[in-house]
Amino acid sequence: MEEVNERKIVKSTTLKDIAEQTGFTVNTVSRALKNKEDISASTIKLIQEKAQELGYIGNTLASSLRSGMTKTIAVIVADVSNPHFSIALKEIEKAARMQDYTTIILNSYEDQEAEKKAILSALSKNVDGIIICPSQGNDNNMEILQRMGTPFVLLGRHLENETMDYVVSDDEKGGYLATSHLLEQGHKDILFLNAHHTISSARERLIGYKRALEEWRIPSNDKLIREVSNISGGSRNELRAVIKSKLHFTAIFAFNDMMAWESIFTLSKNNIKVPENISVVGFDNIQSRFFIPFPLTSVSNSKGKTSRKAFEILIKRIHKQNSELHYHEVIDTKLVIRESTRSILM
């Protein structure tokens, strides 16, 4: 006799089930599960514990159909493998979770086409808003976002278009502080491994670099200013070429900490010691969160504050608050001095 396999159908827990178990109305149960302020803390605790006991899973699709919101946001960054972005993403996700938002993470790899696909992917999922670190080859992708009408905030970089909200660090000040520190230690030939000039933070850090040199009456040497990819691995080849060319330099200022660490690795492979032979300064201060054996002097740009502020602005945009305002937030930078730099003054 042929055996028939039947799939056991498990009935999902409903709001009505929780109401019957707790003695509250369905409406009270619904509001307690959403942590509404008009429900007492003791009632919320009782209902949420019973919901967990019964294995209740909220129907987010039904909720989004009723409210027109999905309670999801997308965050698009260049490269999540860079700890700078990992820290920023963690801060955004924490802030979003406090507001019951789910975060979708996408990479652009500093590529315009990949960025466009990431934007379209986020839009296809009907996210309520987007936080994006733009790749900045051109403004086309950000203009797509503007046309679509989905709220978005630029993180870490900004465009000339003053109608777009952004949260950035004071990159010019950061470039100035890093270069001034090296100049104070007697370094005059400072190799600046910068990102591409299309990136606003790269342009502004260069302005700070040049301002410090000008204050010390040291001419800027174009041979010491190099544009390299800020995706992981981008600075090694450039630094090898500089070393091979015999170009004289006694210090390196790198666009970010990852490029600084790559520089230290490359110098080591060429038997050049840090800081004994070359001083190195980075930007991002990722050692504020990661305990790396060799301490790196770096510009701190308060990733937590920057990320939380970007989410705060995005929420205002999602809820159409202060729609007449344009948010242009600049977060202060400071230099954190560690053992990767030293004075060459006699």
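View 1. Where pLDDT is low, the predicted coordinates should not be read in detail. For the protein, the average pLDDT is 90, and 94% of the residues score at least 70.

**View 2. The open sheet of six strands.** The strand order is β7-β6-β8-β9-β10-β12, with mixed pairing. The edges are taken by β7 (225–227) and β12 (334–336); each has a single partner strand, so one side of each lacks a neighbour in the sheet. On average, neighbouring strands of this sheet are turned by 20° against each other, direction ignored.

**View 3. Pairing of β6 with β8, and the helices on the sheet.** Strand β6 (residues 190–194) pairs with strand β8 (residues 251–254) in the parallel sense through four bridges. Leucine 193 is placed opposite alanine 254 of β8. Helix α9 (residues 200–215) packs on the sheet and touches β6, β7, β8 and β9, with its direction at about 170° to that of β6. Helix α8 (residues 171–184) lies across β6, β8, β9 (279–283), β10 (297–300) and β12, and runs at about 170° to β9.

**View 4. Packing of helix α10 against helix α11.** The axes of α10 (residues 236–245) and α11 (residues 257–269) are 9 Å apart and form an angle of about 45°, which makes α10 oblique to α11. Their crossing is right-handed. From α10, Arg236, Leu239, Arg240 and Ile243 meet Glu262, Ser263, Phe265, Thr266 and Leu267 of α11. The residues of this contact comprise four nonpolar, two polar and three charged.

Definitions and conventions:
Residues numbered from 1 in each chain as written. Predicted model: local features only at pLDDT ≥ 70, side-chain atom pairs only at ≥ 80, totals over all residues. Heavy atoms only, no water. Axes fitted to C-alpha atoms, helices over the stretch in contact; angles between N-to-C directions. Helix = DSSP H or I, 4+ residues; strand = E, 2+ residues; numbered from the N terminus. Parallel < 35°, antiparallel > 145°, perpendicular 65-115°, else oblique. Left-handed = near helix turned anticlockwise from the far one by under 90°. Contact = heavy atoms within 4.5 Å. Nonpolar A, V, L, I, M, F, W, Y, C, P; charged D, E, K, R; others polar. pLDDT = per-residue confidence, 0-100. Pairing = 2+ DSSP bridges.
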